[in-house]
Amino acid sequence: MEGVFIYGIMMFLTTSSPEETQSIARWMSKHLPPTAIALVGTLGLGKTCFAKGFVEALGMNKNSVSSPTFALLHEYDSHPPVLHLDVYRLESEDLPNLGLEERIDDHIDVEEGFVLVEWANLHPHLMPHDAIWVTFAQTDTGRVLEINGPVSVLQTLETCLGDMR
């Protein structure tokens with residue numbers, strides 16, 4: 001990993017490989033309570049790669065993780081469980097009929113699991129108010145992951161930076 005920069009309620013982590021992106025995801029999965037994580041970025045920047053590392057850290061084979069682009073969602077029987085959504089293909093008028101907001105809330109509150117939502121920026125109202133937002137951007141040498149969320153969560157992550165491998 002090349003660098004970590006923390007500005008107020010944002011954290012920036014740089015990676016130069018898919019393995020480093022997955023390492024960040026594994027680290028986050030170990031230090032977060034059940035919550036929703038919005039994964040934002042253009043095609044090919046590492047959203048699904050992040051999901052693979054996250055789910056792997058919770059006991060699943062990362063090769064069983066794929067983008068739910070056409071299926072809308074995948075559920076992983078990890079510990080805790082993970083609900084993985086891709087909302088890229090959804091139209092706003094479809095959302096009320098799908099009950100995704102309730103499904104997301106129930107997965108966190110009742111099942112005490114994590115929810116990963118790829119392309120959450122297209123339908124931000126689906127995300128709980130205390131969701132963590134991870135935005136992926138391309139750099140000359142790799143990727144920058146900008147992490148936004150509740151101050152208490154970012155402070156916890158900052159405290160645990162030494163655990164990142």
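In this predicted model, the buried residues of helix α5 pack against β2 (10-15), α1 (18-31), β7 (132-138) and β8 (143-148). Helix α5 spans residues 151-159, and its buried residues are Val153, Leu154 and Leu157. These residues cover an arc of only 95° around the axis, which places them on the same side of α5.

Aromatic rings form a further topic. A pair of aromatic rings is described by the distance of the centres and the angle of the planes. The structure holds 4 aromatic pairs, and two of them are set out below.

| Pair | Distance of centres | Angle of planes | Class |
|---|---|---|---|
| Phe54 and Phe114 | 4.9 Å | 80° | edge-to-face |
| Tyr88 and Trp119 | 4.6 Å | 55° | tilted |

The pair of Phe54 and Phe114 is edge-to-face because its planes stand at 80°, and an angle over 60 degrees counts as edge-to-face. Phe54 belongs to helix α2 (residues 47-57) and Phe114 to strand β6 (residues 114-118), so this pair ties together parts that are 60 residues apart in sequence. Phe54 is buried, with a relative accessible area of 0%, and Phe114 also counts as buried, at 1% relative accessibility. Ring pairs link Phe50, Phe54, Phe114 and Phe136 into a cluster.

The rings of Tyr88 and Trp119 form a tilted pair, with their planes at 55°. Tyr88 lies in the loop between β5 (82-86) and α3 (95-98), whereas Trp119 lies in the loop between β6 and β7; the pair therefore ties together parts that are 31 residues apart in sequence. Tyr88 counts as partly exposed, at 41% relative accessibility, whereas Trp119 is buried, with a relative accessible area of 10%.

Technical notes: Residues are numbered from 1 along each chain as its sequence is written. This is a predicted model: local features need pLDDT of at least 70, side-chain atom pairs count only at pLDDT 80 or more; totals for chains, interfaces and linings use all residues. Side-chain values use heavy atoms; hydrogens and water are left out. Buried means under 20% relative accessible area, exposed over 50%, partly exposed in between (1.4 Å probe, protein chains only). Helices (H or I, at least four residues) and strands (E, at least two) are DSSP runs, numbered from the N terminus. The arc is that of the directions from the helix axis to the C-beta atoms. Contact means heavy atoms within 4.5 Å. Rings of Phe, Tyr and Trp (its six-membered ring) pair if their centres lie within 6.5 Å; planes under 30 degrees apart count as stacked, over 60 as edge-to-face and the rest as tilted.
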